[in-house]
Amino acid sequence: MLNRKKLLAAVAVAAIAFATPAMAKTFKWAFQGSLSTLDPHGLNETFLLGTLGNVYEGLVDYDADLQLIPALAESWEIVEPTKWVFKLRKGVKFHDGQDFTADDVIFSWKRSGTEGSDQKVRYALIADIKKIDDHTIEVTTPAPNPLMAQDLVFLKIMDKEWSEEHGSVEATNVKGGDEGNYANMHTNGTGPFMITENTQDVRTVFKRYDGYWKDIKSNVTEAIMTPIAQDATRVAALLSGELDLVFPVPVQDWKRLEEAEGVEPLTGPEARTIFLGMDQFRDELLYSDIKGKNPFKDKRVRAAFAHAIDLETIKKRVMRGASTPTGLMVAPQINGFNEALNEPYKYDPEMSKKLLAEAGYADGFTVTMDCPNDRYVNDERICQAVASMLAKVGVKVEVFAQTKSKYFGKVLQQNGYDTSFYLLGWTPGSIDSHNVLSNIMSCQNVDAKVGLFNLGNYCNAKVDELTKQVEKETDQAKRQAYIDEAFKIHKDEYGHLPLHQQPLSWGIREGVDLAQRGDNVLDFRNVVLP
Amino acid sequence: MISFIAGRFAQSIVVMLTVGLIAFAMFRFVGDPINNMVGQDTTAEQREQLRERLGLNDPFYVQYARFALNAVQGEFGQSYFHRRPVSELLVERMPATLELSLIGAVLALVVGVPAGVYTALNRNGILSNLIMSGSLLGVSIPTFLIGIILILVFGVVWRVLPTFGRGDVVDLGWWTTGFLTASGLKSLILPSVTLALFQLTLIMRLVRAEMLEVLRTDFIKFAKARGILTRSIHFSHALKNSLVPVITITGLQLGSIIAFAIITETVFQWPGMGLLFIQAVLEVDIPVMAAYLVVIGFVFVFINFIVDILYFVVDPRLRADRAGSGH
């Protein structure tokens, strides 16, 4: 015993001697909102889950380039089309010192299916998990799904013992009990940081967890997140030198950051695609002066719209050069993207006029366009630009822009898709094309839960069939061929009109080194302070 | 006396019920809270379940009755966005707003009254004219712009004061205060100046006008004729008599300082009730919005109630015509 103690002491001394002087490095950053809950199963939202990714981990994770990497699972294989075996990482400890085991994975999966959970979609990907030993599990899926692992990034693993001890075996319910769920206010993950303080709208403090299983390049010992809702205040806080990073930064302020000393804008393409959609299922448009028929059912009209919109001008005038015009409904970061198909529709207003005349609308028509004004980068101004471009070919577009909650309340499924022409943006949570095919390009089918965000109900049986094949196919080359074919049909039929990938827009203090992920998530693992 | 108070009290109740109803009714039109509560992948079925569970499918009057009954017990339900009891959120946020409002009000009085007196006494002085034209700016520039300008000058250019937040606060258990730390006090400066500026100019102009009015009255002339010191006339006769309406207005303005704090809090990310409210509006967090409006409504009604009673105590004429009360 005595010897062991001595040995420990010696090791400790050596560790102190060899370690670089442990300097406290505090990383201060601001985002526009705060973390609405600390429960990783409470809300299915990218920013929240991405930020909690510093505290909680899934079986797999994304690296800085959104590539899938092993996290709590060391490796996995598909033994049968519906059966996966995951080898779990050994020696991983939760922040409270408990060991990470198979029981925690099973518990977390079950928890994500409890009533208050907003992760039920991910819960439903798995039919059953069987424990083989403490560090091996067998996962059964309801149908063959080669992409299942991709979807597990945001299914975070919690400690079974901790959750049981604190009575938090169910996900935080939006209505909840009066005291709130313990996990709504406290965390205990396996990630490199622990949350030690979280006051809504004031700050969230993350402290480095020394027992993290992986070597990471970050030298941050403490990260403080401050929510600053006002754009001007957020940018001023960066300029004043109080912060290391702020996001988002309004596109208009890039120049200011470039000119100011000690700070710079950090930009890149986001994995979100902004596109236009048209009502193609009603026999008469809800908001148009054409009565008795629906012009958007005519492919020539949709084509006319596509060729009347000048993406380069939108890029230059509205997005200050910061968008990436696109011809596909998925961004380059997304699995299944094919550069060969990404050529945008050609800008050709003369052709548009001709097409409209052929379709019988030589004098144009009037249609109302639904548009959010606080959801995407410069959303309302994009809509206005589109309206003025369509005006040049004779189509009168009335832009109806409103705040995101009103906008979504109007156009989504719950309100019966109350729109004729709309602008929407989409980032597939699984970073895979199937998500887009299934949610946006498949025929609306509430029971099968597909096409629910296909607001105008673009519908082609062949695309539906291909989507199902994409879901099942495990052979990557074949799968890509199916994706390409579906995208090609959709593009030839002008199903939706993709506009661009909007820019990620961050502002950082010079000298701070970090990775800007395409899904707009900040991973502290990659942050190195000067 | 008792029937007067009872009457006023009954009126206050009616006002509160109306405020509650208007607040609650208004929120039927701000958008669908479900969309802000769930992520984009959440299915329609899950959304519908949530809607049912939150009682959003009940008829309007059922929802209002439920709200009013709970509100009386200080129970405003669960915030959709924060997933915590609204009453807890309000208690947590109140100190920030009250400290800011208090400093704002004190600042407005301490600067406003002397400036008003000075400009009234030296009507044609250069400094007076400067103050008066400066006060025009204070009235006409919107609060958020003043805030942004102050941030730019003191935060970005000179870098002497913090531009956002409350700094370090000391938690006393039932109250969090920024008065006890250096960073807390520094953080108070810009927002409280921003908040005080409008009230300050208002008070200053009011004091000046009242002073000028009183200085013209006969009893001042008589006082002068009696040979009383000018200084004494100005401060114990004129100022005293012009302060009555100032005190009334200031009392009533306290309510609007607390309410006006919304803008200041938003610009400076000051974690008070106003910021909570603005965020609730963006997220369509109906319970928080409703609770906030009811609380602010209550502050106004309460102050009015106290002022009414004070009038009654101060002004004997009110007691005489209580039979025809109702104003």
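Is Y417(A) buried or exposed? In this predicted model, Y417(A) counts as buried because its relative accessibility is 6%; buried means under 20% relative accessible area, exposed over 50%, and partly exposed in between, with a 1.4 Å probe and protein chains only. Y417(A) lies in the loop between helix 13 and strand 16 (421-426) of chain A, where helices (H or I, at least four residues) and strands (E, at least two) are DSSP runs, numbered from the N terminus. The phi angle of Y417(A) is near 55°, a positive value in a residue other than glycine.

Residues are numbered from 1 along each chain as its sequence is written, and chains are lettered from A and ligands numbered from 1 in the order in which they are written. As the model is predicted, local features need pLDDT of at least 70, side-chain atom pairs count only at pLDDT 80 or more, and totals for chains, interfaces and linings use all residues, while side-chain values use heavy atoms, with hydrogens and water left out.

A positive phi, of about 50°, is also found at Y494(A), which is not a glycine. Y494(A) is placed in the loop between helix 16 (476-492) and strand 17 of chain A. With a relative accessible area of 13%, Y494(A) is buried. Strand 17 (residues 496-509) of chain A has 13 of its 14 residues buried, so this strand is largely enclosed by the rest of the structure.

Several strands pair with strand 17 of chain A, pairing being assigned if DSSP finds at least two bridges between two strands. Strand 12 (residues 263-278) of chain A runs antiparallel to strand 17 and is joined to it by twelve bridges. Within this pairing, H496(A) of strand 17 is the bridge partner of G277(A). Strand 11 (residues 245-246) of chain A pairs with strand 17 in the antiparallel sense over two bridges, and L245(A) stands opposite I508(A). Strand 13 (residues 324-325) of chain A likewise pairs with strand 17 in the antiparallel sense over two bridges; here T324(A) has Q501(A) as its bridge partner.

A cis peptide bond, with omega about -5°, joins F247(A) and P248(A). P248(A) belongs to the loop between strand 11 and helix 8 (254-259) of chain A.

Another loop of chain A, between strand 5 (83-88) and helix 3 (102-111), holds H95(A). H95(A) counts as buried because its relative accessibility is 14%. The C-alpha atoms of H95(A) and T190(A) are 6.1 Å apart, although 95 residues separate the two in sequence. Apart from neighbours within four places in sequence, the residues in contact with H95(A) (heavy atoms within 4.5 Å) include V55(A), N188(A), T190(A), F193(A) and Y209(A).

The contact between the chains takes 55 residues from chain A and 53 residues from chain B. Chain A and chain B bury about 4600 Å² between them, 50% of it on carbon and sulfur atoms; buried area is the accessible area (1.4 Å probe) that two parts lose on being put together, summed over both. One salt bridge is found across the interface of chain A and chain B, a salt bridge being a side-chain nitrogen of Lys or Arg within 4 Å of a carboxyl oxygen of Asp or Glu. The bridge is formed by the side chains of D201(A) and R93(B), at 3.0 Å from N to O. Among the elements that each supply at least two residues of the side of chain A touching chain B are strand 10 (222-227), helix 7 (231-239) and helix 14 (433-441).

Over all chains, the structure holds 38 salt bridges. Side chains of opposite charge can pair when their charged atoms come close. K160(A) and E164(A) form one salt bridge, at 3.6 Å from N to O, and both lie in helix 5 (residues 160-165) of chain A, four residues apart, about one turn of the helix. K160(A) is partly exposed at 28% relative accessibility, as is E164(A) at 43%. In the salt bridge of E284(A) with K291(A), the closest N and O atoms are 4.0 Å apart; E284(A) is partly exposed at 35% relative accessibility, whereas K291(A) is exposed at 53%. E485(A) and K462(A) meet in a further salt bridge, at 3.9 Å from N to O. This pair links distant parts of the chain, with E485(A) in helix 16 and K462(A) in helix 15 (residues 461-472) of chain A, 23 residues apart.
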